[in-house]
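Morning, everyone. Please have a look at it first.

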Amino acid sequence: MHTFILSILLLFLAAPIAAGTGKIPEKLTYSLSWTGIPVGTASQSITDDGIILQINALVKSNSWLSSFYIVENQIETTLARKPGYFPGEVRQFRMRFHEGARVRDRSITFDHVARTAHYKDHLTNEEATATILPDTCDMTTAFYYARHLPIVPGATISLPVMDGREPY
């Protein structure tokens, strides 16, 4: 599952934000194909209302593919401004996935002061709380953060990420 998610989200690195500046609002839209056959669309956007930032990502199969295999994956992330840190500090992450017969609906609430994150599976009502490192974020925030950095050959970027029960 992570491979599919990461491969789709890697598409969003194709239009880099200039290092040092974040372009907000921004919306990236892609047509998806498999072996040359159109299968759907993907989009990701970031908006700023002056108080909070919102990242939304959507991957959706077209009507042809949906007739036998529905894909509708949606991620919503809410961030608070954090001076010197683009795009911001993640507060809330929600991921709703529908891929064929597989359905997921989970959220994570981040408390950076207490250094904890609360995970909830909205389908099973499973809940867990994990200890997080400073600047732990969700996967979409990680991609915006990485796109914001200058590209340095041979450099490694490490960032704590959480999109499930435990951070990695």
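On terms, strands are DSSP runs (E, at least two residues), as are helices (H or I, at least four), numbered from the N terminus. Two strands pair if DSSP finds at least two bridges between them.

Now, the ground rules. This is a predicted model, where local features need pLDDT of at least 70, side-chain atom pairs need 80 or more, and totals for chains, interfaces and linings use all residues. Numbering runs from 1 along each chain as its sequence is written, and side-chain values use heavy atoms, without hydrogens or water.

Zoom out to the sheet. Eight strands form an open sheet, ordered β1-β2-β3-β4-β5-β6-β7-β8, with antiparallel pairing.

Next, β2 (residues 37–48) and β3 (residues 52–61). They pair antiparallel over nine bridges. Q44 sits opposite A57 in β3. Three residues separate the strands in this hairpin, and G50 there has a positive phi near 100°. β3 also pairs with β4 (residues 71–82), antiparallel, over nine bridges. There, L53 stands opposite L79 in β4.

Last, confidence. pLDDT is the predictor's confidence in each residue, from 0 to 100. The chain mean is 87. Helix α1 (residues 2–10) is lowest, with a mean of 41, and strand β7 (residues 116–121) is highest, at 98.
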